[in-house]
Amino acid sequence: MRTRFLSFLLLVAFAASVHSQAYQPTGENLKSRQEFRDNKFGIFLHWGLYSMLATGEWTMTNKDLNYREYAKLAGGFYPSKFDAAKWVAAIKASGAKYICFTTRHHEGFSMFHTRYSDYNIIDATPFKRDILKELADECHKQGIRLHLYYSHIDWFREDAPWGRTGRGTGRPNPKGDWNSYYKFMNNQLTELLTNYGEIGAIWFDGWWDQDQNPDFDWQLPEQYALIHRLQPACLVGNNHHQVPFEGEDIQIFERDLPGENRAGLSGQDISALPLETCETMNGMWGYKITDQDYKSAETLIHYLVKAAGKDANLLMNIGPQPDGELPAVALQRLAEVGEWMKVYGETIYGTRGGCIAPHPWGVTTQRENKLYVHILELQDKALFLPLGGKKVKKAVGYADRLPVKFRKCEGGVMLYLPEVPTDIDKVIEVEIEK
């Protein structure tokens with residue numbers, strides 16, 4: 001009996017120990033999550049040595065470029081037109097509330113000054129300026145939050161274990177040296193969270209590179225704990241295309257809105273964490289000189305609105321040019337989206353997905369008892385809102401504040417518009433009785 005009791009106590013102690021090790025976000029982190037959800041709109045910046053080749057960020061592995069030859073690009077990287085103040089000002093004017101910048105992409109080049117590799121913007125290029133430091137200073141100055149992309153894979157370093165990509169870059173040892181590489185990554189993450197002020201999030205990518213090796217241990221819990229210890233408010237996200245892992249604070253979807261899977265990367269279940277979907281402005285993440293197929297302002301605004309209707313943020317990507325400028329068409333799109341956000345930003349910022357689920361005609365966003373009906377595709381002057389037993393107090397056009405006629409009917413309310421909507425997004429503000 002005594003043995004059984006001792007065994008029981010040990011089991012309870014073990015369970016308590018395991019439970020105590022479970023990730024418990026701090027109050028600062030929870031506050032940061034809410035602010036992230038309120039921000040709704042960010043700009044992704046994919047920039048590295050690959051911009052010089054102007055064929056996209058995966059060229060090194062797609063063309064099996066030798067890692068030593070590829071590294072020679074650094075000797076000619078001199079983005080003379082880079083101006084962090086102009087970048088941040090243009091992004092802020094678009095209505096975006098945060099920037100996510102690629103500090104080290106899969107090519108392995110660090111776009112910041114690091115002590116742990118001389119393959120970085122200061123030591124390996126004639127430019128000799130810490131791009132990340134200048135960008136971070138401007139973000140803090142202009143009130144834009146800064147998130148940092150960090151790759152878990154590296155096609156350049158010899159100690160990085162091979163996955164299913166980067167196998168033809170000439171590195172000598174497929175096994176690498178995981179302990180060395182893991183220490184290197186954590187040293188760099190410590191620098192990023194120590195030397196550049198407040199960081200809103202670390203955005204990981206590359207876990208999927210070992211999907212053919214299911215026993216591979218990325219040692220994420222310890223890495224996530226390091227981040228939360230250095231900056232408790234810093235959010236952790238991982239573009240692994242899975243349901244969130246222990247220690248993550250946001251859920252990421254790539255090229256698809258939550259619940260959709262047209263791109264084949266986002267079939268995972270939707271969690272209760274804050275959501276973000278990333279999408280390209282044209283067709284490529286990194287700069288590609290032949291890709292001028294930019295999405296229209298209407299398409300980008302619709303994507304932003306649909307993301308908000310699904311209670312998600314939109315992280316919209318731009319690939320800066322090798323000279324340091326943002327492409328002219330990208331700047332034009334930022335300005336166009338910004339003009340729309342000046343009028344309709346209140347229907348996006350600080351809202352949550354509305355009580356009416358997305359429909360083919362559009363979506364709803366909501367703040368307390370105000371429901372914003374975003375009509376994107378409607379070929380009629382009447383619109384049924386399935387509000388169930390909720391009572392509508394009034395309805396007005398959001399932009400013109402003119403009353404919109406409505407009538408209660410079975411299962412909801414029918415809106416009667418003065419004409420078939422032709423706006424990019426016809427927004428009707430519906431006030432629901434509390």
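The model is predicted, so local features need pLDDT of at least 70 and side-chain atom pairs count only at pLDDT 80 or more, while totals for chains, interfaces and linings use all residues. Residues are numbered from 1 along each chain as its sequence is written, and side-chain values use heavy atoms, with hydrogens and water left out.

Helices (H or I, at least four residues) and strands (E, at least two) are DSSP runs, numbered from the N terminus. Helix 9 spans residues 220-230, and its buried residues are L220, Q223, Y224, L226, I227 and H228. Buried means under 20% relative accessible area, exposed means over 50%, and partly exposed lies in between (1.4 Å probe, protein chains only). An α-helix has 3.6 residues a turn, so residues three or four places apart point the same way.

The loop between helix 5 (67-70) and helix 6 (84-93) contains A71. A71 has a relative accessible area of 19% and is buried. Leaving aside residues up to four places away in sequence, A71 touches Y119 and F156; contact means heavy atoms within 4.5 Å. A71 and Y119 are 48 residues apart in sequence, and their C-alpha atoms are 8.0 Å apart in space.

How many disulfides does the structure hold? The count is zero, where a disulfide is a pair of cysteine sulfur atoms within 2.5 Å. C278 is buried, at 1% relative accessible area. Its closest cysteine sulfur, in C100, is 8.8 Å away, too far for a bond. C355 is in no disulfide either, with the nearest cysteine sulfur, that of C409, 14 Å away. C355 counts as partly exposed, at 35% relative accessibility.
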